[in-house]
Amino acid sequence: MADVPAGRRRHRVLRRLAVRVPQYVLIVLVAASANFALPRLMPGEPVELLLGEMANRLPAETVAQELADVGLDQPLLVQYGRYMAGLARGDLGYSFRHRRPVSTLVAERLPWTILLVGTALLISTILGVALAAFAVWRRGRRRDTASIALFTFLESTPPFWIGLLLLIWFAANLKVLPLYGTVSVDATTGLARVGDILLHLVLPAATLVLTSVGAVFLLARASLLGVVREDYVLVARAKGLRERSVAFRHALPAASLPIATSVLLRVGALAGGAVIVERVFSYRGIGTLMLEASFGRDFPLLQGGVFVLTLVVVGVNLVGDLLYPRLDPRVRR
Amino acid sequence: MRRKLIALFMGLGLVAAACASDDKPIEQPAPGVTTTIPQVATLRFANTTGEKNITPWTQGSGYPGYYMMTLVYDTLAWLDPDGKPQPWLAREYSADPAGLRWTVRLHEGVAFHDGRPLTSADVKFTVEYLQKNARPRWVLTNVDRVETPDPLTAIFVLKQPQASFVLNPLADLPIIPQHVWSSIERPLEQTTQLPIGSGPYRLVEYAENQVHRFQANESYIKGRPIVNEIVMPYIATTQAAFTAVQSGQADAVSASLTPELKPQFNQGGLKTAGGAGYRGWYLYMNTGRPPFDKPEFRQAMAAATNSADIVATALLGAGATGSPGFVHRAAPWSNPATRDSRFDLNRARSLLDGLGYRDTNNDGVREMDSNRLEFDLLVRNNDAVAVRAAELISQSVGQAGVKLNVTALDQTTAGARTWPDYAIGATPRGDYTIAMFSWAAAVQQDPDFLRSMFHSSTTLGTLNRAGYKNTQYDELSDQQSKAVDEASRNRILAQMQEILARDMPAYPVFYPEDIFPYRVSAFDRWVYYQGVGILNKATLLAPR
Amino acid sequence: MSKAGSGRRTNRTLAIVGAVMLTLFGLLAVFGSAIAPYDAGERAGRPFLEPSRDHLLGTDDVGHDILSELIGGARVSLLIGVTAAAISVVVGGLVGVSSGYRRGAVDAVLMRAVDFALVVPTIPLLIVVATYLERGMRSQILVVAVVLWAQPARIVRSQVLSLRERTHVLAARTYGARGPYLVRRHVVPAVTPLLIAEFVRVVSIAILFEVALSFIGLGDPVRRSWGSMIQFATDRGAFLTGAWKWWILPPGLCIAVVVCSFAFVGLGLEERVDRRLGRSATT
């Protein structure tokens, strides 16, 4: 196992960065441009599409002023330029319904969704990998079929349905967990507040975990199986190492690459699931913000929320992509 | 040893002194009350409407919004549970024989939450400020000026007699403090500054779409409130709110139960309070668009709507059918001749035949020349009962040969589209042919609303969603607004209802029964205010 | 290596189970109205009846028989899912073929669009598009298709790219075979099994999306799909009255079983596709 000289390794990483980052930047630009184009292409009143339905109820001078700010009277390119410049400054527009800038509203709610998705991602990964390791090392045809069938079934259930059932059982019937919200309205501080937040997190996170652990399991299992056949594992076995050692010191690190990258790449799907789950539990994250914006025809807020969420998901994807060579020892060779 | 004893006695003395100077221990009943009603520390009232800051310019819904606002602000008069106005901030009020000068005398010693006294200057200021920064609920165009001969007397000088003057503005207009609002140029922007009023509660905390927290005003003019603190958490879905009441996470809720839940909430420490609600669902028709521009066509639609069936099915019987005369059957001015709805498919069919619409190609839908009788029936999608009702209407109207496609839209869009094809004042024009629309209870409490609903002028008919134009109706509605004598006013109102029943610009389909659940152990003195709801500041005060 | 990495036997068993379930549901969708005890839109009884001999799953809030609604829902949900999947796969296939075949600028642009569509979180995108478009089955199908065409496009493209360099194709090209002929004779047969596998995968997602949209209120409540059944059930107190057992549980189970069946069939297909092409089909 000749090791790659440090210089060459760094060079490779940089090269990867140089290729990947511009691709992602391009994606972000496309997302921003789509945000710009969408309201201008859709059927409907430009005022309403650009400023939200509420804008229709403002006095005429205010509306004219706002449109001038947006530059609706200017040629398209100028509008685009101003829009992009605004984005770079962090200006996502103004919500007339809430009378606050979109970026403030998004910043208030985004951390909660990140908390929810992050927790669910972590738990489902650990659980999925552990279950897969167990399944691989204790193989048997019937058990295989059963486990694949079970986890595929779990993946097929509509997330909100599972969420509703959990809500009925634990919150409404057993009354051990809160029915709604991110945090209770009574002010709590310190440890009590942390506990309160965790209590409210249990059911939504459990729902997300139940519906995403299947995919992690199937993927982890496939990776581990693939790795188990590799030469170096056979060598390790031949050397007489115990199964557990083979598993943890050799197979798992090798299999970790596809698992890790696919976990990170699943953030997008999980974020989408979170939007629905937030609704079931009235969890005040960015998902419910987007739905409120959708029903309130508050287009700037809706698009701002989607754009920020996309940014976050793209960022995580980029990290997953960059992590690619570092986790797999084979690549380092 | 002696020094220690002296220290001990001094300590005891200090403690005794401290206890003696303690003002009001928590359990002391309000002054003037002989029975002791136990104080309630905290009441958790779940709110399912997203109320913002509760000033007169930023407050949202009719119920609970207006009633949250009036926890903090007072009006000169106030409606009792039967809907009759009683003096409140005012000690008494009366009009001169011509009905043009209303003299209002205030109570002594009313103070705002910041300690400043409430005087007639504040009343005058409120009227003038609202005339400058109008809100649709309080139309003050008829008030010429307010005279303030002394700090406790305000004289409203009207341009014309106003029959509903006591109902609105006296019993409805919140009095705002001049010393706070005189420096505020843009009242619509007051989204964060907490309101200061004279009411029994102070808003001490508010987070948009999360919670409102009220603290009792211990020196309130009508006595100390029974409940010390009211917390109103926002719960996005009514079902979650009902479940919260059932599981004890909330003590009451602002939404009315759907009828199938009634049995659940009359057991296990839960009770319901309610009655005939005034909030109604109406079938609105755009009278500017053919074929709905013909009264016979609208009559046909009404005749083909089976209100009784809708109440029996979608409401499980818990509701009242609407009256063709538009006024709720329980209102004192309801015209008995136009009170009952009649479902008559044959009549509908013959009306349509008479207009020339026939089903020539046997597809179940009538047409004439190239005009097929197929329309989109708009309804908002966040009220399951309303969507079901729309489906039922579509089915029964379909039997007469008119096809209605139920189109469920989000509430804001549905509301924004249900306006005529021309703008009414600041309200932009809409886009609908036929729609289900719900009005809050308030519109059935004051007959003056009949003018706002159907007057053809855009300054007086501010709520004319059907785009109805009838000069005879206009004249009558102007007359009733000035008719101070109740009997003659009711006669005019009866005539107006006959016109509406004949022309049918909008057809009230049903009024759901109000069923408000609450936890008995938390607070059980709830009173249902006729047609409106249970949240009312008067309920939270000790009786005198 | 195949996605499940499992043995042939496992995949085949599951695929058969899946195929059987799908056939059952397909039959239900087509002939359901004949089997169902009542018409799904008919007011068959009083509202909120509990399960009984007349109504095996009770009645809903207006009096429709829930079992009949469940059967009728199969048609709606399957129709929406299958149509949306078909559109995405066809569009994706076309994009993939043009992109892989033409290469150059066309390829670059199309692939950036694909990258974008793959990375953007789907449900938020769904919400945005659904908010702008009118309600109705047509726009629902469109919305779902707009979001799902990218993966088939990418998969087809990589297949086309590798095909171009295969010996038999190169040979054909030296003999003067041109575009349309090549496409017809070589590309289509190679790509079709891929598309079928993708179709099966996408249908599951499409059904879940439609159901999610209905539940949050961006669907069409009048369309009696399984998703709107659950929505009405939730809004009419099904969990407070205990009616959830026969009103929320069955539609959810049906959705899960149908989607799962598609997934099982997909497992079996994937394996065959892998074998036929001699290598992994995914990039």
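In this predicted model, chain B has an average pLDDT of 88, and 92% of its residues score at least 70.

The secondary structure of chain B amounts to 14 helices and 20 strands. Taken along the principal axes, its C-alpha atoms fill a box of roughly 115 × 55 × 40 Å. Its radius of gyration is 26 Å, which agrees with the value near 24 Å that a compact globule of 544 residues would have. Of those 544 residues in chain B, 49% are buried, and among the contacts that join residues at least 6 apart in sequence, 67% link residues at least 24 apart.

The buried residues in α3(B) are S120(B), D122(B), V123(B), F125(B), T126(B), V127(B) and L130(B). To set that pattern in context, an α-helix has 3.6 residues a turn, so residues three or four places apart point the same way. The buried residues of α3(B) pack against the strands β5 (101-106), β6 (143-150) and β7 (153-158), and also against helix α5 (178-181), of chain B.

Helix α6 of chain B, residues 238-247, has nine of its 10 residues buried, so it is largely enclosed by the rest of the structure. The buried residues in α6(B) are T238(B), Q239(B), A240(B), A241(B), F242(B), T243(B), A244(B), V245(B) and Q246(B). After α6(B) comes G248(B), which has a positive phi, near 90 degrees.

Leaving aside residues up to four places away in sequence, M436(B) touches W281(B), L283(B), L377(B), L378(B), V379(B), A386(B), A389(B) and A390(B).

The contacts between chains come next. Chain A gives 13 residues and chain B gives 21 residues to the contact between them, and the side of chain A that touches chain B consists, by class, of five nonpolar, three polar and five charged residues. Between chains C and A, 42 residues of chain C are in contact with 44 residues of chain A. The elements of chain C that give two or more residues to its side of this contact are α1 (8-35), α3 (104-119), α4 (122-132), α8 (179-216), α9 (226-235) and α12 (249-277), and α4(C) gives the most, with eight residues. By class, the side of chain C that touches chain A has 29 nonpolar, nine polar and four charged residues.

L164(A) has its place in helix α7, residues 159-173 of chain A, and is buried, with 25 other C-beta atoms within 10 Å. Not counting residues up to four places away in sequence, L164(A) touches V280(A) in its own chain as well as T234(C) and I248(C). L164(A) and V280(A) are 116 residues apart in sequence, yet their C-alpha atoms are 6.5 Å apart in space.

How values were computed. Residues are numbered from 1 along each chain as its sequence is written. Chains are lettered from A and ligands numbered from 1 in the order in which they are written. This is a predicted model: local features need pLDDT of at least 70, side-chain atom pairs count only at pLDDT 80 or more; totals for chains, interfaces and linings use all residues. Two residues are in contact if their C-beta atoms, placed from the backbone, lie within 7 Å. Ala, Val, Leu, Ile, Met, Phe, Trp, Tyr, Cys and Pro count as nonpolar, Asp, Glu, Lys and Arg as charged, and the others, Gly among them, as polar. Helices (H or I, at least four residues) and strands (E, at least two) are DSSP runs, numbered from the N terminus. The radius of gyration is taken over C-alpha atoms; the globule rule is 2.2 Å times the number of residues to the power 0.38. A residue is buried if 20 or more other C-beta atoms lie within 10 Å of its own, exposed if 12 or fewer, and partly exposed in between; C-beta atoms are placed from the backbone. pLDDT is the predictor's confidence in each residue, from 0 to 100.
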